[in-house]
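Colleague: I am new to this one. Can you take me through its ligands, its pocket and its disulfides?

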Amino acid sequence: MKTATSTLILLLAATINAQFYNETSKPFNLVLTSENTTINGSTLSACHTGAALESLCLSKGGGVSNPNPITAATFNFNTSTNPFTPNATLGTPGILTWTLKTSSIDVPSSVYFNYDPTTDSAIPILTPGSERPQLLAFDDQDRLNVQGYIDWTANPPNGTGTTMGYYRWYACQTYFSGYAYENLAWGLGAGKPENPTCVSVGVKRVFV
Ligand SMILES: *[C@@H]1O[C@H](CO)[C@@H](O)[C@H](O)[C@H]1NC(C)=O
Ligand SMILES: *[C@@H]1O[C@H](CO)[C@@H](O)[C@H](O)[C@H]1NC(C)=O
Ligand SMILES: *[C@@H]1O[C@H](CO)[C@@H](O)[C@H](O)[C@H]1NC(C)=O
Ligand SMILES: *[C@@H]1O[C@H](CO)[C@@H](O)[C@H](O)[C@H]1NC(C)=O
Ligand SMILES: *[C@@H]1O[C@H](CO)[C@@H](O)[C@H](O)[C@H]1NC(C)=O
Ligand SMILES: *[C@@H]1O[C@H](CO)[C@@H](O)[C@H](O)[C@H]1NC(C)=O
């Protein structure tokens with residue numbers, strides 16, 4: 001009962017919130033590219049990972065909690081009405097969105113990054129609304145990136161004066177709130193994550 005009540009509150013909050021990122025794209029699937037032929041070409045799906053939360057699991061399955069193939073998710077990309085585009089080649093920053101369909105209402109959801117301070121990778125999670133989204137972008141080749149302008153390897157760290165695109169995506173067996181999926185993950189820093197199951201991937205959108 002407690003879970004049901006808090007879920008309802010979450011869902012209501014999501015539908016009431018004013019939407020800043022309210023310009024939406026055509027629908028698309030997300031497809032992984034990888035040197036690893038098992039992973040190359042797998043799409044991403046939305047896998048239940050808590051009340052109204054979903055991780056971006058590999059549609060081909062392969063995880064403890066998602067051993068079997070499931071249907072690819074259909075995503076949209078929302079931007080603000082007057083978006084700031086630091087570099088057109090890298091694409092306009094916005095939010096990755098998906099609609100959670102319940103028996104009573106449709107819940108617009110968006111991706112944030114879930115950080116665990118004990119490790120060096122984050123997990124993109126879909127949550128209702130757009131309260132704390134991770135800004136992402138699709139470059140001119142439809143490849144998903146995160147943009148930044150700070151050189152963290154400089155001594156001392158400093159702004160570079162230019163916006164850079166980062167593509168630190170991995171397919172990893174993850175463990176989040178009791179679910180062990182093979183998920184899309186984000187590497188923190190330039191090195192490969194310590195999670196031994198992580199395989200380097202690119203994420204590409206393919207319009208449906
Ligand atoms: C994305 O934009 C569409 C169109 O305005 C809107 O219906 C949807 O709720 C937005 N999604 C999120 C998560 O804000
Ligand atoms: C998004 O919100 C802005 C500001 O409220 C408004 O001007 C614009 O028309 C909205 N766009 C859509 C697609 O609803
Ligand atoms: C990955 O899949 C694409 C599209 O099917 C193909 O063109 C490419 O050669 C594949 N890459 C590898 C390393 O197998
Ligand atoms: C390819 O990825 C799978 C996980 O999907 C992993 O089991 C396998 O070891 C990887 N192969 C290589 C050559 O890294
Ligand atoms: C925009 O990004 C591309 C790809 O990283 C880069 O080649 C180009 O120099 C950048 N343009 C500017 C004006 O910084
Ligand atoms: C930081 O970058 C700015 C502009 O890019 C430059 O003027 C400044 O000297 C740099 N500071 C250091 C400590 O390198």
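Colleague: Which residues surround ligand 2?
Modeller: Keep in mind that this is a predicted model. A residue counts as near a ligand if one of its heavy atoms lies within 4 Å of it. For ligand 2, the residues around it are Asn22, Glu23 and Thr81.

Colleague: What share of ligand 2 does the protein bury?
Modeller: Start with the ligand taken alone. Ligand 2 then exposes 360 Å². Of that area, the protein buries 32%.

Colleague: Which residue has a side-chain N or O atom 2.3 Å from an oxygen atom of ligand 3?
Modeller: Ligand 3 has Ser34, Glu35, Thr37 and Asn40 around it. By class, that shell holds no nonpolar, three polar and one charged residue. The 2.3 Å distance, to an oxygen atom of ligand 3, belongs to the side chain of Asn40.

Colleague: And what share of ligand 3 does the protein bury?
Modeller: Taken alone, ligand 3 exposes 360 Å². The part of this that the protein buries is 31%.

Colleague: Now the largest pocket. Which strand gives the largest share of its lining?
Modeller: The largest pocket has a volume of about 490 Å³. It is lined by 20 residues, and the closest to its centre are Ile150, Trp152, Tyr166, Arg168 and Gly189. Strands S7 (106–115), S10 (144–151), S11 (158–166) and S13 (182–187) each supply at least two lining residues. The largest share, six residues, comes from S10.

Colleague: How many residues in that lining are charged?
Modeller: Sort the lining of the largest pocket by class. Eleven residues are nonpolar and seven are polar. The charged residues number two.

Colleague: Is the disulfide of Cys47 and Cys57 right-handed or left-handed?
Modeller: A search of the whole structure finds two disulfides. One of them joins Cys47 to Cys57, with S to S at 2.1 Å. Cys47 sits in strand S3 (residues 44–48) and Cys57 in strand S4 (residues 54–58), ten residues apart. The torsion about their S-S bond is about 75 degrees, so the disulfide is right-handed.

Notes: Residues are numbered from 1 along each chain as its sequence is written. Chains are lettered from A and ligands numbered from 1 in the order in which they are written. This is a predicted model: local features need pLDDT of at least 70, side-chain atom pairs count only at pLDDT 80 or more; totals for chains, interfaces and linings use all residues. Side-chain values use heavy atoms; hydrogens and water are left out. Accessible areas come from the Shrake-Rupley method with a 1.4 Å probe; for residues, only the protein chains shown count as cover. On a 1 Å grid over the protein atoms alone, a cavity is a set of points where a 1.4 Å probe fits but cannot get out, and a pocket is an open set with protein on both sides within 12 Å along at least five of seven lines; lining residues have an atom within 4 Å of a point. Grid points are joined across faces, edges and corners, and a volume is the space filled by probe spheres set on the points. Helices (H or I, at least four residues) and strands (E, at least two) are DSSP runs, numbered from the N terminus. Ala, Val, Leu, Ile, Met, Phe, Trp, Tyr, Cys and Pro count as nonpolar, Asp, Glu, Lys and Arg as charged, and the others, Gly among them, as polar. A polar contact is a pair of N or O atoms within 3.5 Å; within protein, one must be able to donate a hydrogen and the other to accept it, and residues adjacent in sequence count only if both atoms are side-chain atoms. A disulfide is a pair of cysteine sulfur atoms within 2.5 Å.
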